[in-house]
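Biologist: I'd like to learn how to read salt bridges and surface patches in a model. Could you walk me through a case?

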Amino acid sequence: MIKIIKDMTVLQLLRRLALPAAGLVLLSIPGAFAQEHAPAGDITSEDEVKQFCTNIADPARDQRYLLQKQELEKLRADIDARMAEMDKRKAEYQDWLKRRDDFLKQAEAGLTEIYKKMKPDSAALQLQDMKIEVASAVIMRLGPRQSSLILNEMDPKKAAAIASVIASASDPNTSKDPS
């Protein structure tokens, strides 16, 4: 073989070795031939992905709806529990308010009786130091003659304020809603 190589020129030697060398180079590049087949594989892969997504779309939507339904049921149960608690507190408040109103009616009746028996000048001094609403309520429960005597003995500004409250209580345009 060495003899054959000596008789060949360098150019001839290169021509003989060029084809096998090119084959080796191409085989050593792993992606060279794979690229020709890759696009067909990607299309199949994309089709498979689309088919997979299409196949799981309905079960996924159903699962999402089920989770949302469960969450809504939890929220409804929470709201129902809160509403029950609010109804319970409302009943307690209404009971307390009724007892308070009953007590105030009894207290006002007793208080009115006390002021009926007092002298107008003494009653005026005490009523003008009270809250204006309480003083107005007491004076409204007294007879007109005794009320006028007490208001006459009061400080004019305080008497005017009490008279204003009494007048607004009898005004039909005044709202019945205390809020």
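Biologist: Let's start with a pair: in which helix do Arg 82 and Asp 78 lie, and how many residues apart are they?

Modeller: Bear in mind that this is a predicted model. Arg 82 and Asp 78 both sit in helix H3, which covers residues 34-116. They are 4 residues apart, about one turn of the helix.

Biologist: And what do the side chains of Arg 82 and Asp 78 form?

Modeller: The general idea goes like this: side chains of opposite charge can pair when their charged atoms come close. Here, Arg 82 forms a salt bridge with Asp 78, and their closest N and O atoms are 3.5 Å apart. The cut-off to keep in mind is 4 Å between the side-chain nitrogen and the carboxyl oxygen.

Biologist: How many salt bridges does that rule give?

Modeller: The count comes to 7. Let's look at a couple of others.

Biologist: Fine. Which residue does Asp 95 pair with?

Modeller: Asp 95 forms a salt bridge with Arg 99, with 3.4 Å between the closest N and O atoms. These two are also in helix H3, 4 residues apart, so about one helical turn separates them.

Biologist: What about Asp 102 and Lys 98, how far apart are N and O there?

Modeller: For Asp 102 and Lys 98 the N to O distance is 3.2 Å, and their side chains meet in a salt bridge. Both lie in helix H3, with a spacing of 4 residues, about one turn.

Biologist: Now accessibility. Is Arg 82 buried or exposed?

Modeller: The cut-offs are under 20% relative accessible area for buried and over 50% for exposed, with partly exposed in between. Arg 82 has 55%, so it counts as exposed.

Biologist: Let's turn to nonpolar surface. Which residues make the patch of about 320 Å²?

Modeller: To read a patch, look for nonpolar side chains within 5 Å that have over 30% relative accessible area. In this model, Ile 79, Met 83 and Met 86 make a nonpolar surface patch of about 320 Å².

Biologist: Where is Met 86 found?

Modeller: Met 86 is in helix H3. At 57% relative accessibility, Met 86 counts as exposed.

Notes
Residues are numbered from 1 along each chain as its sequence is written. This is a predicted model: local features need pLDDT of at least 70, side-chain atom pairs count only at pLDDT 80 or more; totals for chains, interfaces and linings use all residues. Side-chain values use heavy atoms; hydrogens and water are left out. Buried means under 20% relative accessible area, exposed over 50%, partly exposed in between (1.4 Å probe, protein chains only). Patches are made of residues with over 30% relative accessible area and no salt bridge: like charges are joined within 9 Å, nonpolar side chains (Val, Leu, Ile, Met, Phe, Trp, Tyr) within 5 Å. Accessible areas come from the Shrake-Rupley method with a 1.4 Å probe; for residues, only the protein chains shown count as cover.
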